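Student: I am new to this structure and would like a close look at a single part of it. Could you take me slowly through the pocket and the helices around it?

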Amino acid sequence: MGCCQPCCRCCPGNKRDEEEEERWQPLMDRSCTDVIALVIFILFWVGMFFIAAYSIAGGNAYRLAYGTDSYGNVCGMQNVKNANINLKSAGLDMTGRPYVFFMDILNPKDALEICVSKCPDQDLNSIREIQEFAKNSSSSLCEYDVKQENMLTAGQSHLGPCPSTPVKASTSFLNRCVPKDAPEFLVKFMAILNSYDIFYKVLSDVFQARAEIAGMCVLAVVVALLMVALIRFVAGFVMWIFMGIVAVASIVGTALLWWTYASKNQEYYAVPENERLDENGKDVTAFLVYSIIATIATVVLLIVLFVMRKRVKLVVALFHEAGKVFMHTPLLVLQPLWTFIALALFFIYWIAVLVFLATAGEPTVDTSTGWVTYKDPEPVRYMWWYHVVGLLWTSEFFLACQQMVIAGAVTQVYFTRDKKQVSSPILKATGRLISYHLGSVAVGSFIIVLVKIPRLILTYIQAKLKDKENSCVQFTLKCCMCCLWCLENCLKYLNYNAYTVIAIEGTSFCTAARRAFLALVSNALRVVAINSVGDFVLFLGKLGVVAVVGAISLIIFRTDARLHYYAVPILVICVFAFFIAHCFLSVYEMVVDTLLLCFCEDCRINDGSPGREYYMDKSLLEFVENSSEALKNLDKKKKKETANTNANEHVELKETDPTENAV
């Protein structure tokens, strides 16, 4: 598979023994894999349900949504007296007071908080103005037991009973009174939010064009499906054009560098020696170095392109085979839709539990201030981490299930000799996943989580050290995060190929990962060709979908008098179109990767001899070393099968011939 032969039968360590090869039947031998991992995943979700039950029982989501005052009252609703809180202002009816007001907005942590019916909409520079505001708006900014006529004699501080002046004009954000002129990013965001010139018009344009945006998204789905159907016909042309452009550009660029060097050199030596400048001499030397480096790079590039030409032909053939797979399983392109629905439902559940978990603390009275504070019990601190790990693991689990279903459907089409007998490959792949391989999916998804968690920790540390001036630490953290990101992407690619091996042979995850890794290493040039030229073609397909939908949107919106900025809905449509195209064409990419590994396994196990014929189509046989002999054996087998079929039909006709029975 690369080290000894161009096909996959190479190293002795990668071969099965002869007995195993003789009885190898893909998609047939099945047994439950990685059962222990599945049991651990189920137990993990038992813990997730326990956290959900605990959070719902002890949490109060309204406290987070509407806010609370310093006495434990939830603003905007009727409160019940807590037996553990012996404060006269606790357990009050706050139905008419939906907003939280801070006595000192610049230091809200140490300031008294109360519920008010209206945020101050103007600057209040004295206690008398606070009293007038209370009379005119029926919204008192002092403590609940302070009457309007007593406000002038009440004290003023950030601890109450009345706020210190001046009180800045405020606006409501998430039911909290926030000063309009506070130099905080939140208030700046609110200013943008309330700006009629920017945000209002943008939202108005999106709202006015909501029907057209929905229609363009549907059109993007149709165009993406057409692109999936057509890309196999244009892939070869685009790939060869791309390689030709790269080769010509490198040659022309190198020639221009040498031409520039020659011109600079001629100009330099045309000047008398005593008038030559050192800067010009260094410039000539620099262009000489650039030209030499460019020449070496161009030669290496041309050699690589020449060596990879056959691999590019294989990529083109795999794109054609991927198109045939979609002809047998057209519903394969809809797999991202089911995954999206499953992830959306899980995210809704996860966020709901998160809200309840964030408010699961027990109310206690702070003896130093006399206010109510909420203290998380010790178990809740660990539940946060458990809940985050559950988000990562379950999300990766759903994505891995999608990959396993796609790999299973593609392998069934590939390893079925008579493609007319292919029936319900997606349902069968889903059935094999649920019956045998959920444990393997749990193992593969957990490996990705093990890399994501350190990345999250490093991201948290980087955020904490953002204002520090230690550039060495910042550089080290970014390098570590970059390395972990690269490792995560490599593991994701290896995991998908491991799922393909599992779909073919039904082995455990670790065994499948080892075989997938050996297959990828032994076919490194083919993998590089697919992940460079192939991905470039798919990226052009995504841009093609965006260009078509964007052009039609431009024609529709450019004369629409309802819109202030017609570029806004067009931008929204293009973003949605790109993601829709990415969802569909990523499935195409998975199919091509699966076909490559199926091809490698087919080459590794079979040799084209009688009894061990290749499963691949004739279009792929030319990339096998003994392809001519394999084709002869395949033709002989087909002729033999045809002869046997004709003979059987002749015998049946003879047995039912009435003339012969009469004789």
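Tutor: Axes here are lines fitted to C-alpha atoms, for helices over the stretch in contact, and angles run from 0 to 180 degrees between N-to-C directions; helices are DSSP runs (H or I, at least four residues) numbered from the N terminus. This is a predicted model, in which local features need pLDDT of at least 70 and side-chain atom pairs count only at pLDDT 80 or more, while totals for chains, interfaces and linings use all residues. Residues are numbered from 1 along each chain as its sequence is written, and side-chain values use heavy atoms, with hydrogens and water left out.

Two or more lining residues come from each of helix 10 (335-358), helix 11 (378-414), helix 12 (425-464), helix 13 (471-505) and helix 16 (567-605), with helix 16 giving the largest share, nine residues.

Two of these helices, helix 12 and helix 13, pack at an angle of about 170 degrees with their axes 9 Å apart, which makes them roughly antiparallel (an angle over 145 degrees). Their contact comprises 16 nonpolar, eight polar and five charged residues, where Ala, Val, Leu, Ile, Met, Phe, Trp, Tyr, Cys and Pro count as nonpolar, Asp, Glu, Lys and Arg as charged, and the others, Gly among them, as polar.

Definitions and conventions
Angles under 35 degrees count as roughly parallel, over 145 as roughly antiparallel, 65 to 115 as roughly perpendicular and the rest as oblique.
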